[in-house]
Amino acid sequence: MSTFDLTGPVEVKLLPEWDGVGEALPTWTYGSEELLELEYEAFFLNSWQMVGHVCDLPKPGDFITFDMWRDSVIVVRGKDDVIRAFLNVCRHRAMRLLDEGKGNCGSAIQCPYHGWTYRNDGTLRGVTQPENFPNIDKSTLGLQEVRMTIHRGQIFVNFSGGGASIEDTLGVVSEQIAPYSPETYVPHSEPTFEIWNCNWKLAWDNYQENYHIPIGHPGLQRMVESTYEGPEYSGGFNYGYFAMRDKPSKVPHERRYQELIGCTDYRFPEGRQRMWLQLALDPNMGIEYYPDIFALFQVLPLGVDKTMIKILTYSPANLSAQEKEMQEINSKLLHEVNDQDKMLVEGIQRGVNTSGYQPGPLALEESAVFGFHERIRELIPVARLPKAPLKGTLQQENERLKQQTTTATK
């Protein structure tokens, strides 16, 4: 089985250390609608996506929806107190059931088209004008369940139902996550949605490397330093720590955060104090643990040059006044960094469309970018080509290259 196969169970294991030799994807891959279709199927439908936290669903009937391009899921707490996930479509004529991001559906979800009604455990309760369906078997027409798991309070779904479990993936850093106690989080703020005019891969490339921080994020450069880049694991998973610099920032709110962060030392073991932990899970999730806040940075394609950036934040429980002050500053910092990243990747999107441009070498600090590009080339071999196939032939060419690779490895 390929190291990068996302469609079946895989062992999450260390990958060899990158030696700095490798090429970035050709620029045509950031502007191909046909390639985006293959990427969506190969990566997004076959990956775990965080949709929220159990604290979003305190009562039976509470629900949250998660939209990912053409797909949508409902996560709802049932009358029996069990949390389940379902495709957000009616079984009758595929009407989208719930468009609100969250709410409470009571004991039932009713289709706004013909009124078919489902219990909050997904079973079909009834149809309008039942005489129109003399032979209906309601037991076979419940909402279609989606693979879901709750890991330390965080809710993940997987549309295809395949791949390694999220427990296996995050288990390799369970010791690092444990001091943050994510299962105890409480709501912090409403989700944020931003539209970035870029290909989704550019946004994810940018998230995975720290090489741009000194120039692109001067505030981060003043405040923190990357103290440890964790190893890269199979399936596109890596992590790293940022530690507060001893030198105080000259910017007042940054300096104040540096002064305050010591008040959280009691929650963390020696060597992990005054640090931020960031995880990157291909193809699109940045999971960020701060002493004062949790943030999810999620990259969701809307088109070949349009991307939704979704940001979820949660709070540790029972924060002190100083920790709340830290949290307020950190929320401001997160918005500053995201605004800077938006400007950067939109500039890159314009750049990759420049006629005649050829990608340059990748820095050692861009090893995760190279690993991500390798996974794309492995799963979608047409992305190896230096030039785009003729319009309308990309999928056929991709199948040909897959067969060629299969034949060569026999």
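Strand β10 covers residues 154-158 and runs antiparallel to β1, to which 4 bridges join it. Two strands count as paired if DSSP finds at least two bridges between them.

Before going further, a word about what you are looking at. This is a predicted model, in which local features need pLDDT of at least 70 and side-chain atom pairs count only at pLDDT 80 or more, whereas totals for chains, interfaces and linings use all residues. Residues are numbered from 1 along each chain as its sequence is written, and side-chain values use heavy atoms, with hydrogens and water left out.

Now widen the view around β10. An open sheet of 3 strands has the order β1-β10-β9, with antiparallel pairing. At its edges lie β1 (49-53) and β9 (147-151), each of which pairs on one side only. From one strand to the next, the twist averages 30°; axes here are lines fitted to C-alpha atoms, for helices over the stretch in contact, and angles run from 0 to 180 degrees between N-to-C directions. In the loop between β9 and β10 you will find Arg-152. The phi of Arg-152 is near 50°, a positive value in a residue other than glycine.

Another open sheet has 4 strands in the order β4-β3-β2-β5, and its pairing is antiparallel too. Here β4 (83-87) and β5 (102-104) are the edge strands, each pairing on one side only. Strand β2 (residues 62-68) meets β5 in the antiparallel sense over 3 bridges, and Asp-62 stands opposite Asn-104 in β5.

The peptide bond from Asp-282 to Pro-283 is cis, with omega near 10°.

Next come two helices. Two packed helices are described by the angle between their axes and the distance between the axes. Helix α1 (residues 33-44) packs against helix α10 (residues 394-409) at an angle of about 55°, with their axes 9 Å apart. The two are therefore oblique to each other; angles under 35 degrees count as roughly parallel, over 145 as roughly antiparallel, 65 to 115 as roughly perpendicular and the rest as oblique. Glu-34, Leu-35 and Leu-38 of α1 make the contact with Leu-394, Gln-395 and Asn-398 of α10, where contact means heavy atoms within 4.5 Å.

Finally, step back to the whole protein chain, which has 10 helices and 18 strands. With 410 residues, a compact globule would have a radius of gyration near 22 Å, and the 23 Å of the protein chain agrees; this radius is taken over C-alpha atoms, and the globule rule is 2.2 Å times the number of residues to the power 0.38. The mean pLDDT is 92, and 94% of the residues reach 70 or more, pLDDT being the predictor's confidence in each residue, from 0 to 100. Over residues 1-10, however, pLDDT stays under 50.
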